[in-house]
Amino acid sequence: MSSWLQKHISKIVIAPSFAIILVFVYGFIGWTVYISFTKTKLLPKYTLIGTHQYEKLFSTPRWYVALENLFVFSGLFILIAIVIGLLLAILLDQKIRTEGFLRTIFLYPMAISFIVTGTAWKWILNPQNGIEAVVRSWGFESFRFDWLINSDMAIYTVVIAAVWQASGFVMALFLAGLRSVDQEIIKAAMVDGIPTSRIYSGIIIPSLAPIFLSAVIVLAHLSIKAFDLVVSLTGGGPGYSTDLPATFMYTMAFSRGNVGQAAASAVVMLTIVVAVIVPYLYSEMRSRHD
Amino acid sequence: MTNHVLAGTAQSQLKSRFWHKAARFSLYAILGIFALFYIMPLFVMVITSLKSLDEIHQGGLLSLPENITFEPWKVAWSSACAGVSCVGLKGYFLNSMVMVVPAVFISTLIGAINGYALMHWKFKGSEIIFALLLFGCFIPFQIVLLPMAILLGKIKLSGSFSGLIMVHAVYGIPFTTMFFRNYYMTIPTELVKAAKIDGAGFFRIFYSIFLPLSPPIIVVTIIWEFTNIWNDFLFGISFSEPGTQPITVALNNIVNSTTGVKEYNVDMAAAIIAALPTLLVYIVAGKYFIRGLSAGSVKG
């Protein structure tokens, strides 16, 4: 008895968690996918009717706005956060005396919730009292910075706030990477008289490739989850100009009571995430087995 | 001749020292400008929260308060309005605590045992189980929102603390398991083998060998889970009701409340109150916070 238990104890211990994940991750994904192929409106109906929900979804202008915003937002957010993060990491790596202090300042936004970030930036960016008013009070009377209430520009305010929140984290990733670069190679290159800029562009930055990859993955993942930031900063507005798939899904599910459309949009979101994540996970697993 | 050469080198040395200094100066200048960018929102929040509404309307965004007032903080804490209910953040702060503490405890405990079992008591299929668990770290939660709402309704946990604790604990398991598994990878298998030969069982080895070695990863996991759950908005807004709303939902309701005069100072005080616990954790245990972030990102 006891030896049987010892032999299988690991499986017994894992079983509940495995069951939980099977139901709450895979079962729930399965349910949502299934519902997205039914006629469900408010209450779940279980008769399959094919791709009707997706046809409807992709004939909704608001959904295209949300998708376009996702690509504009995540593209800019990832690019800018990586550029700033890398720049800050390289600058901090130059034996800066106040490094610890600066690192703390660059990284603290990551501890704050998107809701707080959105609240703060909404106040800073509002044209009546925010940055626009400040610059005008300095004498530049015609200065305009009304992105927050301009439906063509509002999505870029989401980028600003998200970059503010996450770029310090990218810096921390790169800084750890810079510190683990083989110092001998760098010393050898310096002895050979290769200029610092060439050492960075030719040796150090290429060796950070895996960090670029994980930074892109984390940021991409953050951006598909940026629901909270949009809700608190723009509320999806003006109109629905800053809608993301996440806010679209939420609106369909809880305000419009259209569970079918909510399910279909959630499935598209999952598909996008899987398309990004699975190749990454696969390459990670393979590189670990090699 | 010799003198001339010496003077030349001295001059070039002086020149290079000048450029060196100029480079150092611009280095610090650029870092300083970025530091201002990062600190500015917090600075604006703090000074706005200490001004009266009159002063806010007269003065600029960046001007220091002339007459410091703590009234907005009092209002934010105990009487700020979200729609028709004017009870401040006090109760919601408590709601978040009531939710966070058990959810963090449960998911950390399960993660520790899982990580230990998956790393040092491998069985056929345990790697696949780990990969399946890991996938749970990446899903956009929108994909589980609808069935979760239905399930919570069916088991009569809709809008309850227990329901929210369950949701947070469940979706914390993939992360906590990953944290502990990767940490336990650094503990040599020989140690476990030796203990097994000595007759120690699964739990005995966990208690007397692994647990004493775990404080660093426990701290990392607790901080990660605490920050995530405290800052959560999606589950909070989807699965709570007025009495059980977490602080992020309450903050958003207060800020976007359309009734009455817009009290920016109260909004800012409320935002700082909502951010305070996680900021405090970051300041006190920043090292572990960063370690969790990078562990949570590099995954394996």
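A:Trp138, A:Phe140, B:Phe43, B:Leu62 and B:Leu64 make a nonpolar surface patch of about 560 Å². Patches are made of residues with over 30% relative accessible area and no salt bridge, with like charges joined within 9 Å and nonpolar side chains (Val, Leu, Ile, Met, Phe, Trp, Tyr) within 5 Å; accessible areas come from the Shrake-Rupley method with a 1.4 Å probe, and for residues only the protein chains shown count as cover.

A word on conventions: this is a predicted model, in which local features need pLDDT of at least 70 and side-chain atom pairs count only at pLDDT 80 or more, while totals for chains, interfaces and linings use all residues. Residues are numbered from 1 along each chain as its sequence is written, chains are lettered from A and ligands numbered from 1 in the order in which they are written, and side-chain values use heavy atoms, with hydrogens and water left out.

Helices here are DSSP runs (H or I, at least four residues), as are strands (E, at least two), numbered from the N terminus. With a relative accessible area of 59%, A:Trp138 is exposed; the classes are buried under 20%, exposed over 50% and partly exposed in between (1.4 Å probe, protein chains only).

Is A:Thr38 buried or exposed? It counts as buried, because its relative accessibility is 0%. This residue belongs to the loop between α1 (2–35) and α2 (52–57) of chain A. Its side chain makes a polar contact of 2.7 Å with the side chain of A:Thr40. By polar contact I mean a pair of N or O atoms within 3.5 Å; within protein, one must be able to donate a hydrogen and the other to accept it, and residues adjacent in sequence count only if both atoms are side-chain atoms.

Let me turn to the charged pairs. Over all chains, a search of the whole structure finds ten salt bridges, each being a side-chain nitrogen of Lys or Arg within 4 Å of a carboxyl oxygen of Asp or Glu. One of them joins the side chains of A:Asp243 and A:Arg62 at 2.4 Å, N to O. That pair links distant parts of the chain, 181 residues apart: A:Asp243 is in the loop between α11 (227–233) and α12 (245–255), and A:Arg62 is in helix α3 (residues 61–92) of chain A. A:Asp243 is buried at 2%, and A:Arg62 is buried at 15%.

A:Arg103 and A:Glu99 also meet in a salt bridge, at 2.7 Å, N to O. Because they are four residues apart in helix α4 (residues 99–107) of chain A, about one helical turn separates them. A:Arg103 is partly exposed at 31%, whereas A:Glu99 is buried at 14%.

In chain B, B:Asp267 forms a salt bridge with B:Lys262, the closest N and O atoms being 3.2 Å apart. Salt bridges that share partners also join A:Asp93, A:Glu99, A:Arg103 and A:Arg179 into one network. B:Asp267 lies in helix α13 (residues 264–284) of chain B and is buried at 5%, while B:Lys262 is partly exposed at 29%.

Finally, the domain assignment of chain B, from an automatic or database source, gives domain 1 (2–73) and domain 2 (90–295). Their C-alpha centres lie 38 Å apart.
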